[in-house]
Amino acid sequence: MGDRAIYCSAVMQQSHPGVYFFKHELVVSNLMRFEIERRTTMNNQDQTKKKITVRDIMTIAAMMVLTLVVSGVTGPLTLPFPFLYLYVCAGLQMFLCATFYLVTANRLNKHGIFLVWGVVYGALLALSGYIFLLPYFVGVAVICELTMTGKNTYRSPLRNTISWSVWGLGMMIGNAVPIWAAWDSYVEQASASGFSQEVFDMQIDMLSSPWHMIGACAITVVLSVLGCVFGNRILRRHFQKAGVLQ
Amino acid sequence: MSGEKAKEKRIRRVNVLALLFITVCACAVSYLAGHMWFQIIFTCLLFGLMAVLGFAKTGLGFMAVYLICHLWLQINLNLGLRFPSPMTFSFIIELVPILMPVYLLVQAPSGKLTAGLRQLPLPTRVTLTVIVILRFMPSVMAEFADVKDAMRIRGFLRSPFQVLRHPLNTMEYVIVPMVFRSLIIADELASSCIVRGIENPCKKQGYYLNQMHPGDGVLMAGALIITVLFAVL
Amino acid sequence: MQTVIEIKNLSFAYEGVKEQLKNINLTVLKGEVVVLTGPSGGGKSTLTRVINGLVPYFYEGMLTGDVLLMGKKLSDIPSWERGRYVGNVFQDPRSQFFANEVAGEIAFGCENYGMNHKEIMESVEHTARELKIADILDEKVRFLSYGMRQRVAIASARAMDPLIYVMDEPSANLDMKAAQNLAEILLGLKREGKTIFIAEHRLHYLQDIADRIIYLRDGEIAAEFLPREAAALAAGHRGQLGLRSMTLENLPVLPDTADSEQDALLEVRGLNKAFGRHCVADDLTFSCRPGEVIAVVGPNAAGKSTLGKMLAGLMKEDSGEVSFAKRKLKASGRRGLIWYIMQDLDSQLFGEDLMNELLTGQKRTPEREERAKAILASLNLVEFMEQHPMTLSGGQKQRLALGVALMNESPVIILDEPTSGLDGKNMQNVSRQIRLLAKQGHIILMITHDIECALSTCSRALHLQDGRLADDFKIESAGQLLAVMR
């Protein structure tokens with residue numbers, strides 16, 4: 001019979017729903033499978049053009065809550081150790097939350113994910129005292145969206161890794177800015193109570209050398225990439241296998 | 001009893017935009033205040049506001065954390081101690097005055113928050129995302145408690161040593177059921193909203209009105225004056 | 001009589017999956033209460049989603065055929081307008097609420113349809129008075145019982161005063177009393193001339209309300225009953241169809257097969273626990289022999305789940321003691337020995353396939369693999385061995401959870417609502433499995449609202465009320481359990 005006959009039968013069944021075909025169960029299931037595959041392929045191709053729906057917003061919100069909770073816990077945990085907080089915290093958050101981003105990206109497969117993520121994240125961090133962080137994070141989000149131009153990019157592990165690493169860099173620099181500002185007020189308070197000069201010099205040195213910044217960026221990128229590797233593995237083993245994601 | 005009920009009603013009457021404005025003022029004071037004492041006074045005023053609106057106990061909790069951090073920071077600085085890092089305390093000290101009005105915002109009915117956000121020039125999608133994030137917070141906490149219990153039963157959390165020895169496995173055990181449950185809840189919530197017309201593009205009014213009362217005006221004006229004073233002095 | 005819902009030659013398949021509905025033809029008249037029932041996976045939920053338009057709008061797939069609401073094609077009505085004609089109540093009282101307060105939730109639909117503030121207030125207050133929830137308008141939804149939450153869900157649908165109500169297993173998480181309350185509300189709606197379309201497994205509370213019962217199997221309408229015909233079905237025929245019983249009073253009781261000669265293995269003495277002023281366990285004392293299957297019954301918030309968690313070592317008791325084989329055990333010592341299977345199975349599945357689910361967490365040895373395979377075989381799950389646990393049906397997941405407990409060789413297993421939402425056939429499968437485990441000497445405690453399952457599985461019942469053990473009795477008749485559960 002061949003594929004052509006099966007395809008024609010599929011079209012016929014759609015336009016003439018009342019007509020009953022005497023078909024062997026295997027052929028009928030092939031017929032359905034073909035049509036579903038055809039439509040699924042069509043869906044995949046133009047999905048990235050569609051706008052974000054209510055369901056998408058719920059998915060983003062759910063995954064963002066998980067991200068915010070994880071970030072909200074890791075941040076304060078690394079805070080007592082300035083070195084960790086400055087250099088490792090952002091990377092650690094990227095590692096732990098990569099899965100949540102990958103689930104969102106894979107499920108929605110639409111442009112605009114980073115913009116929503118950026119606006120919400122920026123607004124929340126802006127609340128922590130630094131209003132300019134909102135436009136900053138929107139800017140980072142725009143750059144991430146630019147790294148995701150093209151069709152079906154949100155289902156590509158490589159492209160997701162790249163954009164997540166860019167977001168990670170943005171987060172790291174964004175996290176460092178408040179600490180610079182807080183550092184000044186801390187220095188003021190500390191010098192008022194007579195902290196030793198050598199300790200100061202050492203700490204200032206640690207935080208203002210360009211090599212340290214580059215080191216921090218490298219750590220963040222490495223942890224973001226590892227997070228995506230781990231996340232993609234979880235996606236394959238669980239969510240794609242269970243049919244929840246494609 | 002009637003005093004308590006009256007207090008309960010007060011949080012329902014306050015304009016959410018006034019609370020949002022106070023949050024912004026709190027950010028400004030934390031960031032711009034010239035002297036530490038200004039910030040302490042502002043935080044005490046915020047505690048007063050919380051007490052008036054019926055949240056004295058929670059306000060006391062916030063104040064306790066705030067004062068303990070201040071004390072501890074002073075001790076650390078005087079004794080030259082570096083751990084816990086003074087920066088930790090600085091951050092908490094800056095965060096508490098912001099969390100107080102945010103807590104009040106979250107206590108308001110979500111419908112009122114929606115009404116308030118609708119009055120701002122924000123796209124509907126952003127408003128919806130913020131409201132849904134707030135809605136998901138308690139759900140995620142409840143789900144996490146269940147997953148943690150399940151992990152304890154299975155013996156995945158026998159000891160901190162075990163967790164540290166298999167960090168990736170532990171992460172997987174937490175992430176996988178949490179994501180599955182979150183996606184299911186997201187889908188069910190979305191379908192429940194869609195069948196009740198959330199996608200209707202018409203102009204919407206609410207059950208709750210976010211009206212500006214004289215009290216709100218006084219509150220906002222007061223917050224603005226204090227903020228400017230503290231920033232300038 | 002006006003035709004309100006008309007479905008013509010409808011077939012549907014979710015994306016990438018086999019056909020869920022096959023050539024459905026159905027007509028529902030105004031004021032009718034139609035109950036849709038049948039085995040799990042038969043297409044009941046899908047059919048309700050077709051009527052409210054979620055299929056294919058939200059749940060994508062291939063739909064052929066026509067759906068007409070009051071003569072109009074559903075596909076011609078914009079997605080957000082459908083809520084005006086069709087009010088919905090879903091199964092899960094945790095995930096269908098948008099607002100944090102009752103008033104906001106009831107108002108949600110009205111707000112979306114462009115009503116002005118005054119109209120919304122009037123509608124909310126009127127609906128709340130009718131459904132007798134006017135006094136909880138300012139309460140937070142998440143602090144309400146499941147029964148009250150479903151009442152709020154109905155109020156939210158009712159606020160728009162739709163002609164049709166579509167409900168997908170609304171009583172799945174409710175105890176018997178709440179299910180009766182739900183029945184009263186539905187009766188009220190029916191008296192107003194509303195059309196109600198309910199997909200349900202639990203048929204007993206709909207006995208006096210349903211006009212027709214449609215039996216859906218493998219996506220096709222296989223039979224149609226009147227309520228009295230469904231009630232008159234012989235037990236054997238009902239079992240074949242996979243249905244739950246329509247009447248509860250005359251259900252048969254399980255003969256007691258536990259060995260009464262053996263000593264008690266699990267002993268609980270004077271267990272106490274309170275959260276602030278709320279007492280959840282008040283001097284609980286009882287003992288269990290090997291091979292016993294005990295139903296733990298009582299109203300919601302009586303402390304049943306708390307008892308389960310305390311026995312399993314997830315929560316520390318304030319005072320009292322739990323002994324196993326004459327050895328007193330602290331909470332940490334009980335973990336693993338007493339296994340607690342929570343109600344929500346999705347939070348308890350960690351593996352990527354069934355073998356992985358049973359073996360994860362410990363070293364993978366050939367002996368353990370053989371044991372895992374044997375356990376899966378005894379639970380009739382071998383054919384799904386390579387599948388992800390989340391692809392299993394409710395009944396299969398429940399059996400898998402039992403398998404995990406068996407892998408752990410726990411002598412005491414506590415199940416929290418293991419059969420809620422399961423159809424007759426799956427409920428019997430779970431029941432059979434539990435009886436087999438009891439024969440092997442396990443002690444099984446089953447927290448349940450499901451009287452059918454309790455009668456076919458348990459020989460004894462512990463009745464909890466406000467944290468106290470109100471009664472501890474041998475189950476001798478359905479009436480005895482009903483009196484306690486209602």
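I began with the contact between chain B and chain A, to which chain B gives 46 residues and chain A gives 39 residues. The model is predicted, and I read every entry below with that in mind.

**Entry 1. Chain B against chain A**

I looked up which elements of chain B give two or more residues to the side that touches chain A. They are helix 2 (16–32), helix 4 (56–79), helix 5 (86–107), helix 7 (124–154) and helix 9 (167–194) of chain B. Helix 9 of chain B provides the largest share of that side, 15 residues. I then sorted the residues of the side of chain B that touches chain A by class: 32 are nonpolar, nine are polar and five are charged.

**Entry 2. Chain B against chain C**

I turned next to the other contact of interest. Here 43 residues of chain B meet 47 residues of chain C. On the side of chain B that touches chain C, two or more residues come from each of helix 6 (110–119), helix 7 and helix 9 of chain B. Which helix of chain B gives the largest share of the side that touches chain C? I found that helix 9 of chain B does, with 13 residues. The classes on the side of chain B that touches chain C are 21 nonpolar, ten polar and twelve charged residues. I note that helix 9 of chain B gives the largest share of the side towards chain A and also of the side towards chain C.

**Entry 3. Domains of chain B**

I looked up the domain bounds of chain B. The assignment gives domain 1 (2–109 + 210–232) and domain 2 (117–194). Taken over C-alpha atoms, the centres of domain 1 and domain 2 of chain B are separated by 29 Å.

**Entry 4. Chain A**

Of its 246 residues, 39% are buried. Among the contacts in chain A with a separation of 6 or more, 73% are between residues 24 or more positions apart.

I then checked one residue of chain A. A:Pro135 sits in helix 7 (residues 133–147) of chain A. Is A:Pro135 buried or exposed? A:Pro135 counts as exposed, because it has 12 C-beta neighbours inside 10 Å, and the cut-off for exposed is 12 or fewer. I also looked at A:Pro135 and A:Gly118: the two are 17 residues apart in sequence, and their C-alpha atoms are 9.1 Å apart in space.

**Entry 5. Chain C as a whole**

I found 17 helices and 20 strands in chain C. The radius of gyration of chain C is 24 Å, close to the 23 Å from the globule rule for 486 residues, so chain C is as compact as a globular protein of that length. The C-alpha trace of chain C spans about 70 × 50 × 45 Å along its principal axes. Buried residues make up 54% of the 486 residues of chain C. Of the contacts in chain C between residues at least 6 apart in sequence, 71% join residues at least 24 apart.

**Entry 6. Domains of chain C**

The domain assignment divides chain C into domain 1 (3–241) and domain 2 (266–485). I read a separation of 32 Å between the C-alpha centres of the two domains of chain C. In the contact between them, 14 residues of domain 1 of chain C meet 16 residues of domain 2 of chain C. On the domain 1 side, helix 7 (176–191) and helix 9 (235–241) of chain C each supply at least two residues. That side of domain 1 of chain C holds four nonpolar, six polar and four charged residues.

**Entry 7. Sheets of chain C**

I traced an open sheet of four strands in chain C, with the order 2-1-4-5 and antiparallel pairing. Why is one side of strand 2 (19–29) and of strand 5 (72–73) of chain C left without a neighbour in the sheet? Both stand at the edges, and each has a single partner strand, so one side of each lacks a neighbour in the sheet. Strand 1 (residues 3–14) and strand 2 of chain C run antiparallel and are joined by seven bridges. For C:Glu6, the bridge partner in strand 2 of chain C is C:Thr27.

I then followed an open sheet of six strands in chain C, in the order 16-17-18-13-19-20 and with mixed pairing. Strand 16 (338–341) and strand 20 (468–474) of chain C are its edge strands, each pairing on one side only. From one strand to the next, the twist averages 20°. Within this sheet I looked at strand 17 (residues 412–416) and strand 18 (residues 443–447) of chain C, which run parallel and are joined by five bridges. C:Val412 has C:Ile443 as its bridge partner in strand 18 of chain C.

Terms used: Residues are numbered from 1 along each chain as its sequence is written. Chains are lettered from A and ligands numbered from 1 in the order in which they are written. This is a predicted model: local features need pLDDT of at least 70, side-chain atom pairs count only at pLDDT 80 or more; totals for chains, interfaces and linings use all residues. Two residues are in contact if their C-beta atoms, placed from the backbone, lie within 7 Å. Ala, Val, Leu, Ile, Met, Phe, Trp, Tyr, Cys and Pro count as nonpolar, Asp, Glu, Lys and Arg as charged, and the others, Gly among them, as polar. A residue is buried if 20 or more other C-beta atoms lie within 10 Å of its own, exposed if 12 or fewer, and partly exposed in between; C-beta atoms are placed from the backbone. Domain bounds come from an automatic or database domain assignment. Two strands pair if DSSP finds at least two bridges between them. Axes are lines fitted to C-alpha atoms, for helices over the stretch in contact, and angles run from 0 to 180 degrees between N-to-C directions. The radius of gyration is taken over C-alpha atoms; the globule rule is 2.2 Å times the number of residues to the power 0.38.
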